[in-house]
Each structure stands twice: as C-alpha cells, then as structure tokens.
Amino acid sequence: MTKTIWNKLGFILSSRQRIEVFHLVKECRTIKEVESRTKETKYVKRILKDFENEGLLKIKDEKVELTNLGKKVMKKISENTI
C-alpha cells in the first residue's frame, strides 16, 4: 500500500496544474468550484478525470470527493514527508 501512495504522489507532483487542482479538491465540492479557483480552467476536467482513473477521487453528478486512497495521499502531501 505504501508503494501505491508514493506512486500516486509522483503522479500528482509531476505538474504544477495537478498539484493546484489536487489541493483544491480538498476544499471544493464541485467541478465548477475547482474551476472557479484555478488559473488555467481548460485543464481542470481532464486532470480530475485522471485523478478519478488513478483512484484518488470520485466524480458523480459534477461533485468531487476524495477516496480513501486520495485522503491518504493528501495526508502525505500535507505532512511534507515527500
């Protein structure tokens, strides 16, 4: 499981846009909220879909929610242990 978390951290940290969007998911409940708080909105839906494909969040009816794996990855990022 730890290897999976580190792999997901690398996936998120590979671009500035992914980092920004991932942090916003913690604070926002919908795709529109994330888009309204992002500088480059054209990438948001694609990045969120990538996160969903990686098992980091769930998207249902334009709402976004972190999965358990997403919460663990968020905790690692917040702890600055990377």
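These legends go with close-up views of a predicted model.

**View 1. Helix 2, end to end.** Helix 2 covers residues 16-27, so to speak a run of 12 residues. From first C-alpha to last it reaches 18 Å, close to the 16 Å expected at 1.5 Å a residue. Tucked away as buried residues are R18, E20, V21, F22, L24 and V25.

**View 2. The buried face of helix 4.** In helix 4 (residues 44-53), look for V44, I47, L48 and F51, which are buried. Down the helix axis these buried residues fall within an arc of 100°, so they line one face of helix 4.

**View 3. R18 meets D50.** Here's a salt bridge whose closest N and O atoms sit 3.9 Å apart. D50 belongs to helix 4 and R18 to helix 2, so the pair ties together parts that are 32 residues apart in sequence. R18 counts as buried at 17% relative accessibility, while D50 is partly exposed at 22%.

**View 4. E27 and R37.** This salt bridge comes in at 2.6 Å, N to O. R37 is in the loop between helix 3 and helix 4, and E27 is in helix 2, so the contact links parts 10 residues apart in sequence. Both ends are partly exposed: R37 at 45% and E27 at 48%.

**View 5. The hairpin.** Strand 1 (residues 57-60) and strand 2 run antiparallel, joined by 4 bridges. K58 has E65 as its bridge partner. The hairpin leaves 2 residues between the strands, and D61 in the turn has a positive phi of about 50°. On strand 2, V64 and L66 make up the covered face, with K63 and E65 on the uncovered one.

Note on methods
Residues numbered from 1 in each chain as written. Predicted model: local features only at pLDDT ≥ 70, side-chain atom pairs only at ≥ 80, totals over all residues. Heavy atoms only, no water. Expected span 1.5 Å × (residues − 1). Buried < 20%, exposed > 50% of the residue type's maximum accessible area, 1.4 Å probe, protein only. Arc of directions from axis to C-beta. Pairing = 2+ DSSP bridges. Salt bridge = Lys/Arg side-chain N within 4 Å of Asp/Glu carboxyl O.
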